[in-house]
Amino acid sequence: MRHSLDLYWRLIGVQIRSQLQYRLAFFLDVVGTSLSTILTFATLAFVFQRFGNIAGWTLGEVAFLYGMVEAAFGVMDMLFSGFDPQNFGKQVRLGRMDQLLLRPVDITLQIFGSEFIMRRLGRILQGLLVLGIAIGMVEIHWTATKLIFMPVILVSLVCFFGGLFIIGATITFWTYESIEVVNIFTYGGSEMMSYPMNIYQNWLRQFFTYIIPAIFLVYYPALFLLGKPDPFKMPIFAPFLAPFVGLGVLLVAWLFWNYGLRHYQSTGT
Amino acid sequence: MRLFFELSMRSFQRQLVYRTAALAGLATNFFFGIIRIAVLVALYGTRQEVAGIPLQGAITFTGLSQATIGILSLFSWYDLMTNVYTGAISSDLLKPMSLFHYWLSHDFGRAVGQLLLRGLPMMAAYAVFFGITTPQSLWQWIAFVISLTLAWLVSFAWRFLVNLAALWIPNALGFIRFVFILSWFMSGFLMPLRYFPDWFIRVCNFTPFPYTINTVVEIYLGVLQGPEIVQAILGQIIWGVCLILVGQVVLRLGIRHLVILGG
């Protein structure tokens, strides 16, 4: 385990050093990517000025969802970049997987360490900033449980999105190219989770409740933290399912990944 | 001119090769469209019309904005930058047409390909599943087509211009990406600009961005009428011409100190 961690640090250390090579370009990149979060928030703020609220949710409450999702997705995107289906599909197609498989180091660890994108820092910071603004705008009656629960939600979200990335990457073992449809669940999922789930049509919400249980990761925890009533009358423990769902999805993804690895066939390039 | 269309044709044909990719992209865009419709429907609530846009118009907007992603290359366009860094620009410069025309013809073919593969199918899918509004008169249709073409020109002109940054900075990717993100916000892609406060619309109008998607959407939805349409199209022409001219000057300055490393 210590050896693995050591190796991981070495793998990403090289990348961090190289990415910091051009300081100004790096800085612009961080600002540039993070701008997207802030500008989306600004759009939201402008639109709420005009419309007031969305299905009973105020700007602060929606920003609370959005900030959590953005920060968590940013962390995931930094840690799991190696599994980013777009990127990973290319590695498989070019036969670079074979090179990695030849090395006497655990393949999963190598993929983890193969890509570490520092500029995601921007998205994380801006996500946290939006979350901070949101917490300032809404009135949360803080209790010890709620305080402890906040980081638990964020970590669960990271696991959930990471699991989706791994599943997307595993599919490329068979398709040899990233299938853009996976984006529907990763980027589309994160977009969807940034809004209160009660705005969606039943079929869509049910899909993201029973097939991909995204609803338990932000929406239900937010209902609990913000003290909002549950319009769908789920069991009382629904807000606390987040860590189980997060870890569960990651576990399923990991099993699928290992299954995929056993069935991997090189493209021959 | 013949060369222009020949090159466009090649680039168009290349688009047609990636039909499955287009289909997958279409599915993704459609899904995002569904989310954006849900958001707008919930925002409207019981209101029939906000800022001059009826609910059905807002739904149509989400379709139009998703349909133009490919046509206007809204998410990224780094081709010219890449060619500067790989040195392939040297062979581009040797071609018997100016660098601007070469890329313009290339992008024209790409845009037409995206229109057929992603733009029209998207609008058709929207028409079937959600119901869309359409222009009310032949004149409005003509104005829409002209404005869409000019939107492409304005979009290409600024994409060409910001890609030229590669001639100065060793890693222009961050800067270009920055401008792209700014454009989503200010072009009316995320939300129709009409929903925004007046002061912010005025700020946006100092940039070329609203003259891409926002103008096209407002003409299609019939938010603009008569002289306003003419004014909007004139604005597109002026921005297009200005950006092309600035691009030419910047290109000339940049080429002067371009050094291609042999290899």
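**A close look at the H2–H3 pair of chain B**

Modeller: H2(B) passes H3(B) in a right-handed crossing. Keep in mind that this is a predicted model. Two packed helices are described by the angle between their axes and the distance between the axes. Here the angle between H2(B) and H3(B) is about 155°, and their axes are 9 Å apart. Anything over 145 degrees counts as roughly antiparallel, and H2(B) and H3(B) are therefore roughly antiparallel to each other.

So who touches whom? On the H2(B) side, the contact uses B:Asn29, B:Phe32, B:Gly33, B:Arg36, B:Ile37, B:Leu40, B:Val41 and B:Tyr44. H3(B) answers with B:Leu55, B:Ala58, B:Ile59, B:Thr62, B:Gly63, B:Gln66 and B:Ile69. Sorted by class, the residues of this contact are nine nonpolar, five polar and one charged.

Now follow H3(B) itself. This helix covers residues 55-71 of chain B, which makes 17 residues. From its first C-alpha to its last it reaches 25 Å, close to the 24 Å expected at 1.5 Å a residue. Of those 17 residues, 15 are buried, so H3(B) is largely enclosed by the rest of the structure. After H3(B) comes B:Ser73, with a positive phi near 50°. Most residues other than glycine have a negative phi.

Across the two chains, 31 residues of chain B are in contact with 32 residues of chain A. The elements giving two or more residues to chain B's side are helix H2 (19-44) and helix H8 (173-186) of chain B. H2(B) supplies the largest share of that side, 13 residues. By class, the side of chain B that touches chain A has 26 nonpolar, four polar and one charged residues.

Step over to chain A and H2 of chain B turns up again, this time around helix H9 (residues 182-193) of chain A. The cover over the buried residues of H9(A) includes H2 of chain B together with helix H3 (59-79), helix H4 (85-93), helix H8 (144-175) and helix H10 (202-211) of chain A. Ten of the twelve residues of H9(A) are buried, so this helix too is largely enclosed by the rest of the structure. The buried ones are A:Val182, A:Asn183, A:Ile184, A:Phe185, A:Thr186, A:Gly188, A:Gly189, A:Ser190, A:Met192 and A:Met193. As for length, twelve residues at 1.5 Å each should span 16 Å, and the end C-alpha atoms of H9(A) are 16 Å apart, which agrees.

Chain A has positive phi values as well. A:Ala55 is not a glycine, yet its phi is positive, about 50°. A:Ala55 sits in the loop between helix H2 (23-51) and H3 of chain A, and it is partly exposed, with 18 other C-beta atoms within 10 Å. A:Lys233 also has a positive phi of about 50° without being a glycine. Its place is the loop between helix H11 (219-226) and helix H12 (242-262) of chain A. A:Lys233 is exposed, with 8 other C-beta atoms within 10 Å.

H1(B) passes H6(B) in a right-handed crossing. Among the H1(B) residues that meet H6(B) are B:Phe4, B:Leu7 and B:Phe12, while the H6(B) side includes B:Tyr102, B:Phe108 and B:Leu117. That contact divides into nine nonpolar, nine polar and two charged residues.

Then there are helix H10 (residues 213-221) and helix H11 (residues 227-256) of chain B, packed at about 160° with axes 11 Å apart. H10(B) and H11(B) are therefore roughly antiparallel to each other, and their crossing is left-handed. B:Thr215, B:Glu218 and B:Ile219 of H10(B) make the contact with B:Ile229, B:Ala232 and B:Gln236 of H11(B). Its residues split into three nonpolar, two polar and one charged.

B:Gln140, in helix H7 (residues 138-163) of chain B, has its C-alpha 18 Å from that of B:Thr68, 72 residues away along the chain. B:Gln140 has 18 C-beta neighbours inside 10 Å, so it counts as partly exposed. Beyond its neighbours within four places in sequence, B:Gln140 is in contact with B:Pro135 and B:Gly222.

Definitions and conventions: Residues numbered from 1 in each chain as written. Chains lettered and ligands numbered in written order. Predicted model: local features only at pLDDT ≥ 70, side-chain atom pairs only at ≥ 80, totals over all residues. Left-handed = near helix turned anticlockwise from the far one by under 90°. Helix = DSSP H or I, 4+ residues; strand = E, 2+ residues; numbered from the N terminus. Contact = placed C-beta atoms within 7 Å. Nonpolar A, V, L, I, M, F, W, Y, C, P; charged D, E, K, R; others polar. Expected span 1.5 Å × (residues − 1). Buried ≥ 20, exposed ≤ 12 C-beta atoms within 10 Å, placed from the backbone. Axes fitted to C-alpha atoms, helices over the stretch in contact; angles between N-to-C directions. Parallel < 35°, antiparallel > 145°, perpendicular 65-115°, else oblique.
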